[in-house]
Amino acid sequence: MLTVAAPVALATVYYGALAGDVYVSESRFVLRMPERQAPTALGLLLKGGVASAGDEAGAAQSVVLSRDGLMALNGGGDPVRGAFAAAYTARDVAWVDRFNVLNLDPGFEGLYRYFRRKVQVAYAPGTTISVLTVRAYAPDVAQAFNARLLGLAESTVNRLNARARDDLMRQAEGEVQDARQRAEAAGRALAAYRNQTGVVDPDRQATVQMQMVGKLQDELIATKATLREMARVAPENPQIGALQARAAELQVQIGAQGAAMAGGQRSLAGRAERYSQLLLASQIADKQLTAAFASLEEARSEARRKQVYIERIVEPNRPDRAEEPRRLRGILTVLIAGLVLHGIATMLLAGLREHHD
């Protein structure tokens, strides 16, 4: 009576008269990533901070089973009196299956614990396919709640994608802005130095002055040759003085041009060192700006692509018959368990009697 008859009788009453029909709606989805080429060094830099598909899948499953998932089903307002609570406390739901039937745990946390018994998300065995299962006491309710939770998972993945894209674009645009400021500062410094010294390009100006010095030296050599020939042929020629003055003037000009090219801080050689530093800084800043623009274009290209998305494999179905509870199986399970317990108890009692005798 205690181990078999009473438990089977209670199971028969529960499964036969008390337990309501449970309708199960199931949907399946998988997270996909677009095909990508082998990443470059720049692509690896831009990819930093973007979650992987595994992280996104975990986020999608977590939000479905979270309190936010319950709030999404309730549709706002009072969480304990929302759509989910109303669906599981309706009059057509068997009273033993209703939420808070004994009014022992009426708060939101109690509703959340009840929600976790009705909603499940798990990977299909041996695959990366997520299976979302919702149990309800009406087929339309099970399908509607499943569809709403699946939409919540999709919006979560899309929100994470949008946040990653925004961070990527903000970082790339910040790099461009910094590189532009450095390039402009280097350009202003170079222009200010040119205006201050009156030198546009020391190397080019040195080349021009060297050519000028060469011409002056050629003219000096020719003048000295003419002077020697004239002094030999006609030492009393009045042009000798003019030629000597011209030679002296050429010598002074050659010395002045040489001093302008080298010999002090204000010479071209002295100014070329500082000019080279400023020019190198400007060129580096320009290359950094070019690289920053390339990074920005790549970031825009990545932003236009959907990083991770949910692909629905099986849409939420509307069950046409109740799959639970399995009434006959439940009664038979209780019967078998009771018989096993009865056998064990009988053996124990027989052993005690023998020991007593």
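Residues are numbered from 1 along each chain as its sequence is written, and side-chain values use heavy atoms, with hydrogens and water left out. Because the model is predicted, local features require a pLDDT of at least 70 and side-chain atom pairs count only at pLDDT 80 or more, whereas totals for chains, interfaces and linings use all residues.

The chain contains 11 helices and four strands, taken as DSSP runs numbered from the N terminus (helices: H or I, at least four residues; strands: E, at least two). Of its 357 residues, 32% count as buried; buried denotes under 20% relative accessible area, exposed over 50%, and partly exposed the range in between (1.4 Å probe, protein chains only). The accessible surface of the chain comes to about 21,800 Å², of which 57% belongs to carbon and sulfur atoms; accessible areas come from the Shrake-Rupley method with a 1.4 Å probe, and for residues only the protein chains shown count as cover. Among contacts (heavy atoms within 4.5 Å) between residues at least 6 apart in sequence, 78% join residues at least 24 apart.

The chain averages a pLDDT of 77, and 77% of the residues score at least 70. Among the elements of the chain, strand 3 has the highest mean pLDDT (91) and helix 2 (residues 41-47) the lowest (46). Over residues 37-52 the pLDDT is below 50, and this stretch has 14 contacts in the model beyond near neighbours in sequence.

Strand pairing was assigned where DSSP finds at least two bridges between two strands. Strand 1 (residues 23-32) is mostly covered, with seven of its 10 residues buried. Strand 1 runs antiparallel to strand 3, to which seven bridges join it; in this pairing, Tyr23 has Ala136 of strand 3 as its bridge partner. Strand 1 is also antiparallel to strand 4 (residues 309-314), through five bridges, and here Phe29 stands opposite Arg312. Strands 2 and 3 form a hairpin with six residues between them, and Gly126 in the turn has a positive phi of about 75 degrees.

Gln61 counts as buried because its relative accessibility is 13%.

Helix 4 (residues 67-74) has Gly69, Leu70, Leu73 and Asn74 buried. Seen down the axis of helix 4, its buried residues fall within an arc of 140 degrees, so they line one face of the helix; the arc is that of the directions from the helix axis to the C-beta atoms. The N-terminal end of helix 4 is capped by Ser66, a side-chain oxygen of which lies 3.2 Å from the backbone nitrogen of Asp68. Gly75, with a positive phi near 80 degrees, follows helix 4.

In helix 8 (residues 202-233), which contains Arg228, this residue is exposed, with a relative accessible area of 57%. The C-alpha atoms of Arg228 and Leu243 are separated by 9.9 Å, the two residues being 15 residues apart along the chain.

Conventions
A polar contact is a pair of N or O atoms within 3.5 Å; within protein, one must be able to donate a hydrogen and the other to accept it, and residues adjacent in sequence count only if both atoms are side-chain atoms. pLDDT is the predictor's confidence in each residue, from 0 to 100.
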